[in-house]
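User: I would like to learn how to read the features of a structure that is new to me. Could you take me through a few of them, giving the general idea before the case at hand?

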Number of protein chains: 2
Amino acid sequence: MGETEAGIRFGIIGCANIARKVGRAINLAPSSVLYAIGSRSLEKAKQFADANGLAESVKIYGSYDEVVQDPSVDAVYIPLPTSVHVEWAVKAASNKKHVLIEKPTAMDGAQLELILEACQSNGVQFMDGSMWLHHPRTLKIKDMLFDSKLLGDVKYIYCTSTLLASPEFLENDIRVKAELDGLGVVGDLGWYCLGAVLWAKNYELPTLVTALPDVIKNSNGVILSCSASIQYGQPSAETVAIVHCSFLSNTSMDLTVTGCGGTLNLRDFIIPFQENTASFEFTKGAKFVELHVGWNVKPEQVVVESQLPQEALMVEEFARLIRGITESAFPPDPKWPEISRKTQMLVDAINKSIHLGCKPVYF
Amino acid sequence: MGETEAGIRFGIIGCANIARKVGRAINLAPSSVLYAIGSRSLEKAKQFADANGLAESVKIYGSYDEVVQDPSVDAVYIPLPTSVHVEWAVKAASNKKHVLIEKPTAMDGAQLELILEACQSNGVQFMDGSMWLHHPRTLKIKDMLFDSKLLGDVKYIYCTSTLLASPEFLENDIRVKAELDGLGVVGDLGWYCLGAVLWAKNYELPTLVTALPDVIKNSNGVILSCSASIQYGQPSAETVAIVHCSFLSNTSMDLTVTGCGGTLNLRDFIIPFQENTASFEFTKGAKFVELHVGWNVKPEQVVVESQLPQEALMVEEFARLIRGITESAFPPDPKWPEISRKTQMLVDAINKSIHLGCKPVYF
């Protein structure tokens, strides 16, 4: 068939918008190839293939089952509504397909455990679709974060992800439907913020998570906007993170990490302003000059180039791990399921805190 | 004496560091002149005058009383510890001196009312030392904030002020002493953040204020670091503001105001990086391009020049109002006491919320 030489063969189940982006990434990534696309109707799958100019060699299926059962498919990308993740991720893993799944990974931690158990028992790799973790900027900053001479102890993390949803989105998007992506903005934009907090703390779990009182829900109880405090250490906070996510204001994606000795700032941490270059700002040892009429330093801008879009780097890393498993009998990398597990735990904690009337939830 | 022609004659009581900055500002402002400086000892006042190269014409007093009783003094600048503000501000007002006072204005709202009543009944102008409100950048942004075509409804405000206090500061500074500036970081850095929230909401009072659980106090119960949520509207938040202030991390002064249609960002809102030029960033109608591989806009940087430092502009505005009172029999401008009163109310609310175990405090 030729695809083996071309790389890891991906099947996509579902024709969500995000599938267009990841489909392109699969084609851009050197080690992977888009092998099959499946929708609940053959018609929709064909439309998707046409609209996105997919190669004629791509198999078009009128069901998800055909994709996950196709013996030539190595890995399945799952952009389906969160409520059906557990069903299709478990089916894919049971068919020995590696699982790349959109965030939020599941409706709650218990569902995610079912997925992770299926992946583990079938020896397949699991990864969620947090693309920004694969950008070279993210990797560069991570090095700086843990260089004690630069940032020092991380004291404060601030993270936001907002976008202004259209009236149509607020009416019809799956992210505002309780029975589809019922985690609303927390599972969608909040996922990135919570992931960023964990990332900045090297995946240490916090001591407590407290939702703030500004929660806004739609008439079906789906969260459209909310904030949370995520605290490490108690009674005295070693680090505190504040996150805010909302479908109700202008697009923003700010990440600030402040240590004793320095501050990192990004304005576009989830999706860089431009595809092949991204920047961040860094201030070290900031203080005021004599008489406090100015600062000793201004934020320094650091530019990081990227050869491939971050989503293609994500696919490439996923394909690399699959190669290790299939060609070298390496075990699946436990890092990625662990990142998803902890992020999902924070999502669950925010929901629990909101349910309890914004009381703290302890880990 | 000549000073009448030279402008409004200021007396300073207390030789705090900040008095050096404001003393310089008084000399820089066209309509004012530094007339007298008083300390609790003549020796200290002389040292201050020498160290700061004050003109020989400046009167040197060995007590605060001599300054506030000097009939040639028009206005008194009070940089004393907060705990003695009420005593000296009331004395100054009772002696018909206009009152420019460092923030926090008082230990609580009740004390501030005593000061404001004394100012009102004596017909003198009151203003607190929030210099940033007088910067032309602040005025420019204010115009943008209320241009509905630019920012739209303000949904989210984020504000932080942090600095890394030295071990000596944490041991000896008046801002960590319960009996001196007992409001700690909330009264010091927090004052600016709370003032910025009110400013961005055109001095509307919020519905509720909730301290977050990350409060850090020293062994005397003085707050060194804390955060709060400030919410407008309930049950559904129209606007939410999150503030964070700390003596325990690298210097930062971020202010973000996000509306439905745009976002304003400042990194140095309290003290601009440089004295005579300042900038801010603005994003309007941000959204993602096709496939979500980038943004349609990048933040636009807007530069604002300032002829005089913001503290000199503050003094100039204060002097202008005094001129209106003395030369044109205008009443004192009620705007400035009102700004201080509302800011102090938010300080009090945060303290109350912390005292109640981070329960919401309603207005």
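Analyst: Two strands count as paired if DSSP finds at least two bridges between them. Strands of a sheet pair through backbone hydrogen bonds, either parallel or antiparallel. Please keep in mind that this is a predicted model.

User: How many bridges join strand β4 of chain A to strand β5 of chain A, and do the strands run parallel or antiparallel?

Analyst: Four bridges join β4 (residues 75-78) to β5 (residues 98-101) in chain A, and the two strands run parallel. Within this pairing, A:Ala75 stands opposite A:His98 of β5(A).

User: What is the strand order of the open sheet in chain A?

Analyst: The open sheet has six strands in the order β3-β2-β1-β4-β5-β6, with parallel pairing. Its edge strands are β3 (59-61) and β6 of chain A, each of which pairs on one side only. On average, neighbouring strands of this sheet are turned by 25 degrees against each other, direction ignored.

User: Which strands does helix α2 of chain A lie across?

Analyst: Helix α2 (residues 17-28) of chain A lies across β1 (8-13), β2 (32-38) and β4 of chain A, and runs at about 145 degrees to β2(A). Helix α5 (residues 85-94) of chain A also packs on the sheet, where it touches β1, β4 and β5 of chain A, with its direction making about 155 degrees with that of β5(A).

User: Turning to side chains, how many aromatic pairs does a search of the whole structure find?

Analyst: The search finds 15 aromatic pairs over all chains. One of them joins A:Trp132 and A:Phe269 edge-to-face, at 5.1 Å centre to centre with 85 degrees between the planes. This pair links distant parts of the chain, since its residues are 137 apart, with A:Trp132 in the loop between β6 (126-128) and α7 (136-145) and A:Phe269 in the loop between β14 (262-266) and β15 (277-284) of chain A. A:Trp132 is buried at a relative accessible area of 2%, and A:Phe269 is buried at 1%. Another edge-to-face pair is formed by A:Trp295 and B:Phe273, 4.7 Å centre to centre; because one partner lies in a loop of chain A and the other in a loop of chain B, this pair joins two chains.

Note on methods
Residues numbered from 1 in each chain as written. Chains lettered and ligands numbered in written order. Predicted model: local features only at pLDDT ≥ 70, side-chain atom pairs only at ≥ 80, totals over all residues. Heavy atoms only, no water. Phe/Tyr/Trp six-rings, centres within 6.5 Å; stacked < 30°, edge-to-face > 60°. Buried < 20%, exposed > 50% of the residue type's maximum accessible area, 1.4 Å probe, protein only. Axes fitted to C-alpha atoms, helices over the stretch in contact; angles between N-to-C directions. Contact = heavy atoms within 4.5 Å.
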